Amino acid sequence: MHIAALHQPSQVQLNQQGNLKHFLTIEGLSKESLTKILDTAQSFLDENNNLINRPLLEGLTVMNLFFENSTRTRTTFEAAAKRLSANVLNIDIARSSTSKGETLRDTLWNLEAMAADIFVVRHSSSGAAHFIAKDVCPNVAIINAGDGRHAHPTQAMLDMLTIRRETKKPFEQLSVAIIGDIKHSRVARSNVAALQTLGCKDIRVIAPNTLLPVGFNEYGEHVRLFNQMNGGVTDCDVIIALRIQNERIDSPALASQSEFYKMYGLNKERLALAKPDCIVMHPGPMNRGVEIDSSVADGDQSVILKQVTNGIAVRMAVLALAMQGQLQEQGLIEAISL
Ligand code: NCD
């Protein structure tokens, strides 16, 4: 292997046995690795969708480091860590010494010295979690909870778990549409990568050209672009609506939110073009009346709140697997048995 390849996020996140020791990105992980995350997550849910607690991380410390706002992701990581019996510390970054000029490196080294075992990191800069895993704290398991426009791998895995549980069809047979602000969305990127790896052959990206990344072909195989809703959602099994990310739009990419709703808003009429059992997903937070109509968000086909519950199961799985891989790397494998 070329030495540069060892520093790719996909290599940094695996230990010598090929197991996760950090979870930074979907890219570079095999179908088996993703399936292992899904199966482990599934083991934390009973047949009635209730979460099952397991004290796998007893005595270990998870620190939530959110340099960017979050409700669902931060809270579900906290819930997941507690259900695994870990100690959880939510670091209040806005009030921490980074605001007094301390470097990120120094802040992290201090937190590591407080006996952190896992950092859950959200940051507005793409590559932040990778930088911490590679250069700052390689012996702490780093979980990427969203970095800039780059990746949101636990969101992708909770979406995959939701698709697997709710459609009950193999990924190879599914048509999945992702609608909206693709350009600014780390969720779109990670979801496309996860769907491709899991074998989905029909991935449709629906967006106006102004909300697509420059040189759109970067998404690769089995991905088709639609500029119109009607062709895009026809006969789909899964529709994922994305939020218009106003905070990441530096130049006006949209005429107006009402114009977007008129052209791309997911309403009942458009949903009726998909398969009758098509499920509707959204990572949240939702802009009702912009990317999705309330009648659809709250309708029978919506699985948006199930995504949130599945998010706890997936985050439990990722925390336990990465910690297991990190301990395996350090020669302490017997510590966690899944
Ligand atoms: C997403 C995020 O932060 O990237 N939300 C989430 O994690 N629940 C999507 C978004 O902010 O639109």
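Residues are numbered from 1 along each chain as its sequence is written. As the model is predicted, local features need pLDDT of at least 70 and side-chain atom pairs count only at pLDDT 80 or more, while totals for chains, interfaces and linings use all residues; side-chain values use heavy atoms, with hydrogens and water left out.

The chain contains twelve helices and nine strands, both defined as DSSP runs numbered from the N terminus (helices: H or I, at least four residues; strands: E, at least two). The radius of gyration is 20 Å, close to the 20 Å given by the globule rule for 338 residues, so the chain is as compact as a globular protein of that length. This radius is taken over C-alpha atoms, and the globule rule is 2.2 Å times the number of residues to the power 0.38. Along the principal axes, the C-alpha atoms fill a box of roughly 55 × 45 × 40 Å.

Of the 338 residues, 54% are buried (under 20% relative accessible area, with exposed over 50% and partly exposed in between; 1.4 Å probe, protein chains only). Among contacts (heavy atoms within 4.5 Å) with a separation of 6 or more, 73% are made by residues 24 or more positions apart.

Helix α4 spans residues 104–113, and its buried residues are Thr107, Leu108 and Leu111. These residues cover an arc of only 95° around the axis, which puts them on the same side of α4; the arc is that of the directions from the helix axis to the C-beta atoms. The cover over the buried residues of α4 includes the strands β1 (61–66), β2 (87–91) and β3 (118–123), together with helix α5 (128–136). After α4 comes Ala115, which has a positive phi, near 70°.

Helix α5 also holds Ala128, which counts as buried at 7% relative accessibility. Apart from neighbours within four places in sequence, Ala128 is in contact with His123 and Asp147. Ala128 and His150 are 22 residues apart along the chain, and their C-alpha atoms are separated by 9.8 Å.

A further site is the loop between β8 (238–241) and α9 (257–264), where Gln245 is placed. Gln245 has a relative accessible area of 10% and is buried. When neighbours within four places in sequence are left aside, the contacts of Gln245 are with Asp181, His184 and Ser185.
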